[in-house]
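My entries follow in the order in which I made them.

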Amino acid sequence: MVLSSFLRVNAFPFSKLLNTSLVGNRAAVQGKTQFQMKMQQRGLASNTNFAEGLFKSRHSVTYATRSLNHQSKSRRISSSKILGSLSGGEQNSSKKPKTAVFMSSAAAVATAATVLLNNTDETSCEESTNFPEEALKEDTYGGMTIKLNELTKEGEDFDADSFARTLENSLTRWKAEGKRGIWIHIPTTCSDVVPLCAKLGFEFQHAKNGLLVMTHWLPENSHSRLPNGPTHQIGVGAIILHPGTHKMLVVQEKTGPAAGMKLWKMPTGLTDPGEDIVEAAIREAKEETGLDVEFDRIICIRQAHGGILNQSDMFFVCLLRLSPAYKEGLEKGVEVQLVPQEEEIADIKWMTMEDYAAQDLWQGSPLYQELNSSMMRVAYSAMRENDSESNRATDVPKANEGEQCGLIAKTLPLGWRPGSQTIYLSKL
């Protein structure tokens, strides 16, 4: 068991061990003869001359340890422990004559060296055939994911060449087993493997801070069915209406295309990873205006292509309501306080929706004329609903008869597995 562990840990040449001085005492010769007999019984007689040289070396173990210096620290420690176990261990050395200690140590190294020389290819294959189970995840599409962060330990060097050998062997086996898409998650600390993976047929799938994902489609008789990397960015715009004046909140940005045109626009921004539209709209409104708001509905969705890195863009215009505390403050004569975001917002104010839609930039754009018309229609409908619920007269223009516009959000449990998701439903 110990010897087999030694063979798995080490696959280095033992040629340096031949350049040693010989021991000519009777005990060594006697021990050598017994050792050679054991080797012949085990079918290892073909290298007995080499073993004899090792056996006669007074410094065999020292040379063996030095030859491990090119290995990682953890493997050197493992090898030293195994050699110690094979040689009887230091704890027993004081009870044995020096010759006997030397003979058992030399015999251990000689046996290991002989087997390694006879089975170099087999040992290397055994070392680099399989990834540990914790580093692999099989998916329901017949694919496999390799997570390199599970192959690294803090304080240890990552052996990129050993990984490449194991990967090549695994790809051969997985292909024979009918596996399809192979994914590799490569943290920044393991970036040395990127060119090695590329040589084995892997392509870039996507990257983000601290992580690169590469993929390889194994079937040769079909085109890859693996998904592309992220193709869309998701943006949100916030329509916030003043409870008393029904004006909408608008901002001017410090940087960007809109800043150069002095355009008054709704607060906007991009969703964060794992963030719902509802959460993103509320967050962006708070960041840019300082206001606490609640989600009402989605007014419309705009889709565009050819953006940053040729990504597509989905933009959700959302109607938000001020928190009830602001309405209570207004009834007491306390105006809604606006706090523009210092880093991004140059100015902030309330503006009528008609003035907003009349800005010069919108007049030459059928797209934004339609978007602004939809925004005003839904906003008017929502304001009339609120006035009706409050049993107060309203001066809001009447929307089309029976019209209830926009998409509302409902977050509901999946039921068949843990977790919830959000569905957006028309109010029509």
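I took helices (H or I, at least four residues) and strands (E, at least two) as DSSP runs, numbered from the N terminus. On that basis I found Ser 373 in helix H15, which covers residues 366–389.

I noted the ground rules next. The model is predicted, so local features need pLDDT of at least 70 and side-chain atom pairs count only at pLDDT 80 or more, while totals for chains, interfaces and linings use all residues. Residues are numbered from 1 along each chain as its sequence is written, and side-chain values use heavy atoms, with hydrogens and water left out.

I looked up the confidence. pLDDT is the predictor's confidence in each residue, from 0 to 100. The chain averages 76, and 65% of the residues score at least 70. Residues 1–29 stay under 50, and the model has 69 contacts (heavy atoms within 4.5 Å) for them beyond four places in sequence. Over residues 89–94 the pLDDT is also below 50, and this stretch has two contacts beyond near neighbours in sequence. Where pLDDT is low, the predicted coordinates should not be read in detail.

I searched for disulfides, meaning pairs of cysteine sulfur atoms within 2.5 Å, and the count was zero. Cys 300 is in no disulfide, the nearest cysteine sulfur being that of Cys 318, 9.1 Å away.

I then read accessibility: buried is under 20% relative accessible area, exposed over 50%, and partly exposed in between (1.4 Å probe, protein chains only). Cys 300 is buried at 17%, and Cys 197 is buried at 0%. Ser 373 is partly exposed at 34%.

Finally, I checked Ser 373 against Met 353, 20 residues apart along the chain; their C-alpha atoms are separated by 9.6 Å.
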